Amino acid sequence: MFPPLFGRYTTSALGVIAAAAPLCYFVRKYFNTDSDEDDIWPKNEVLFFCEVGIGCKDHLVEGGEKKQCSSKNCSFYNMSRMLHYLNSAESSLDVCLYLITVKDLGAAVIKAQKRGVKVRIICDEDMANGSGSQILSFQRNGLPVKYFRKSTRLMHHKFVIIDKRILMSGSLNWTMQAIFGNWENIIITTERTIVREFLMEYERLWKSIE
């Protein structure tokens with residue numbers, strides 16, 4: 001009597017395995033533990049800018065050579081991560097920042113527009129006209145920019161939404177002082193609930209500015 005019983009359960013087990021195979025494939029593809037870190041979704045990444053990274057030894061070399069750095073506290077590494085995400089934009093790039101003066105980051109935004117990405121920028125009017133601001137460069141290149149007009153309140157947001165699914169947000173203004181001289185942070189996430197809230201706020205702000 002054991003062989004038929006064994007055979008029945010074996011058949012059932014095989015059926016379960018066959019049914020689960022597509023799900024296992026989906027899970028493996030979604031989380032893809034064999035792939036590079038950048039291919040893993042959902043994504044959560046934190047960048048800290050601090051005194052440890054400002055004097056990263058990998059960049060303190062004669063001739064000013066910029067080596068590839070493996071330290072996650074390195075300011076050069078952190079900026080390279082920011083550029084990575086900006087350069088990954090395929091359909092949309094919504095920028096809401098108090099101050100933008102770093103040319104490399106500004107250039108990445110302009111390049112996104114030139115490769116067909118829909119770019120929108122919200123900024124503070126006082127800072128937009130400040131020394132080194134990248135806003136004039138954005139306007140010369142035809143990027144749509146909206147200002148919060150002068151008031152007693154500041155447009156002090158610092159967040160970017162990439163392709164409506166990746167959020168970069170934190171304390172960091174896009175300035176050399178912030179990146180190489182301050183204690184700052186950026187959180188990068190694809191958590192849908194969080195990204196959706198920022199998208200809704202961006203749309204509200206964009207529509208509220210004449």
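The largest cavity is lined by Met-82, Leu-97, Lys-158, Phe-159, Val-160, Met-168, Ser-169, Gly-170, Leu-172, Trp-174 and Ile-186, in what is a predicted model, where local features need pLDDT of at least 70, side-chain atom pairs count only at pLDDT 80 or more, and totals for chains, interfaces and linings use all residues. Residues are numbered from 1 along each chain as its sequence is written, and side-chain values use heavy atoms, with hydrogens and water left out.

A cavity here is a set of points, on a 1 Å grid over the protein atoms alone, where a 1.4 Å probe fits but cannot get out, and its lining residues have an atom within 4 Å of a point. The volume is the space filled by probe spheres set on the points, which are joined across faces, edges and corners.

| Cavity | Volume | Lining by class |
|---|---|---|
| Largest | about 70 Å³ | 8 nonpolar, 2 polar, 1 charged |

Strands β5 and β6 each supply at least two residues of the lining of the largest cavity, where strands (E, at least two residues) and helices (H or I, at least four) are DSSP runs numbered from the N terminus. The lining of the second largest cavity includes Leu-97, Tyr-98, Cys-123 and Asp-124.

The sheet is open and has 7 strands in the order β1-β7-β6-β5-β2-β3-β4, with mixed pairing; two strands pair if DSSP finds at least two bridges between them. Its edge strands, β1 (44-49) and β4 (145-148), each pair on one side only. Strand β1 runs antiparallel to β7 (residues 184-189), to which 6 bridges join it, and Leu-47 has Ile-186 as its bridge partner in β7.

Helix α3 (residues 75-87) lies across β1, β2 (92-97), β5 (158-162), β6 (166-170) and β7, contact meaning heavy atoms within 4.5 Å. The axes of α3 and α4 come within 9 Å and cross at roughly 10 degrees, and α3 is therefore roughly parallel to α4, a term for angles under 35 degrees. Such axes are lines fitted to C-alpha atoms, for helices over the stretch in contact, with angles from 0 to 180 degrees between N-to-C directions. In this contact, Met-79, Met-82, Leu-83, Leu-86 and Asn-87 of α3 meet Asp-104, Leu-105 and Ala-108 of α4.

Note on methods. Parallel < 35°, antiparallel > 145°, perpendicular 65-115°, else oblique. 1 Å grid on protein atoms, 1.4 Å probe; cavity = no way out; pocket = protein on both sides within 12 Å on 5 of 7 lines; lining within 4 Å. Nonpolar A, V, L, I, M, F, W, Y, C, P; charged D, E, K, R; others polar.
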